[in-house]
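Please keep the sequence and the model open while reading.

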Amino acid sequence: TYNPTTGAVTGSDTNVTVKGIISVVNSGESDGVFQGTSLKILIGASELGDYYPTQADRIQYTQAGSTVEGKIISVTTYRGDQPVYHSLVVRVQ
């Protein structure tokens, strides 16, 4: 929640553990929009239930024993109202 008078942002994070496939973004699919460090993450719809990821969400994953965080910059959902999977492009922070 954002308070325009004070500039304060309040709220809490919700963390959900899911399984997904992490890969690099192919230069042919980037259209010059994504950076070389951007990742593609595929998450099956059954992992998220009725939730659809958005650009307001962030992703955390473990790499070489460290937690890495990225901001979702693109979401493509396959099969509309009854998705099979979500394809996320994430910019590592």
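Strands β3 and β4 form a hairpin, and 2 residues lie between them. Ala 64 sits in that turn with a positive phi of about 55°. The model is predicted. Most residues other than glycine have a negative phi. Ala 64 is not a glycine, yet its phi is positive. The residue belongs to the loop between β3 and β4. Is Ala 64 buried or exposed? Its relative accessibility is 81%, so Ala 64 counts as exposed.

Strands of a sheet pair through backbone hydrogen bonds.

| Strand pair | Sense | Bridges |
|---|---|---|
| β1 and β2 | antiparallel | 4 bridges |
| β2 and β5 | antiparallel | 7 bridges |
| β4 and β5 | antiparallel | 8 bridges |
| β3 and β4 | antiparallel | 6 bridges |

Val 24 has Leu 39 of β2 as its bridge partner. Lys 40 is bridged to Val 89 in β5. Arg 58 has Lys 71 of β4 as its bridge partner. Tyr 78 stands opposite Tyr 85 in β5.

**Strand β2**

Strand β2 covers residues 38-44. Of its 7 residues, 5 are buried, so β2 is largely enclosed by the rest of the structure. Gly 44 also belongs to this strand. Is Gly 44 buried or partly exposed? It has a relative accessible area of 24%, and the cut-off for buried is under 20%, so Gly 44 is partly exposed.

The salt bridge count comes to 1. Glu 69 and Arg 58 form it. Their closest N and O atoms are 2.5 Å apart. What does this pair tie together? Glu 69 lies in strand β4 and Arg 58 in strand β3, so the pair connects parts that are 11 residues apart in sequence. The two strands are also joined by 6 bridges.

How exposed are the two partners? Glu 69 has 30% relative accessibility and so counts as partly exposed. Arg 58 has a relative accessible area of 41%, so Arg 58 is partly exposed as well.

**The tyrosine pair and its patch**

A search of the whole structure gives 1 aromatic pair. Tyr 78 and Tyr 85 make up this pair. Their rings are 4.6 Å apart, centre to centre. The angle between the planes is 20°. That is under 30 degrees, so the pair counts as stacked.

Where do the two tyrosines sit? Strand β4 covers residues 66-78. Tyr 85 lies in strand β5, which covers residues 85-92. Tyr 78 stands opposite Tyr 85 across this pairing, and β4 and β5 share 8 bridges in the antiparallel sense.

Are these tyrosines buried or partly exposed? Tyr 78 has a relative accessible area of 36%, so it is partly exposed. Tyr 85 has 31%, so it too is partly exposed. Patches take residues with over 30% relative accessible area, so both values pass that cut-off.

Which residues form the nonpolar patch on the surface? They are Tyr 78, Val 84 and Tyr 85. Together these residues have about 250 Å² of accessible area.

Methods:
Residues are numbered from 1 along each chain as its sequence is written. This is a predicted model: local features need pLDDT of at least 70, side-chain atom pairs count only at pLDDT 80 or more; totals for chains, interfaces and linings use all residues. Side-chain values use heavy atoms; hydrogens and water are left out. Patches are made of residues with over 30% relative accessible area and no salt bridge: like charges are joined within 9 Å, nonpolar side chains (Val, Leu, Ile, Met, Phe, Trp, Tyr) within 5 Å. Accessible areas come from the Shrake-Rupley method with a 1.4 Å probe; for residues, only the protein chains shown count as cover. A salt bridge is a side-chain nitrogen of Lys or Arg within 4 Å of a carboxyl oxygen of Asp or Glu. Two strands pair if DSSP finds at least two bridges between them. Rings of Phe, Tyr and Trp (its six-membered ring) pair if their centres lie within 6.5 Å; planes under 30 degrees apart count as stacked, over 60 as edge-to-face and the rest as tilted. Buried means under 20% relative accessible area, exposed over 50%, partly exposed in between (1.4 Å probe, protein chains only).
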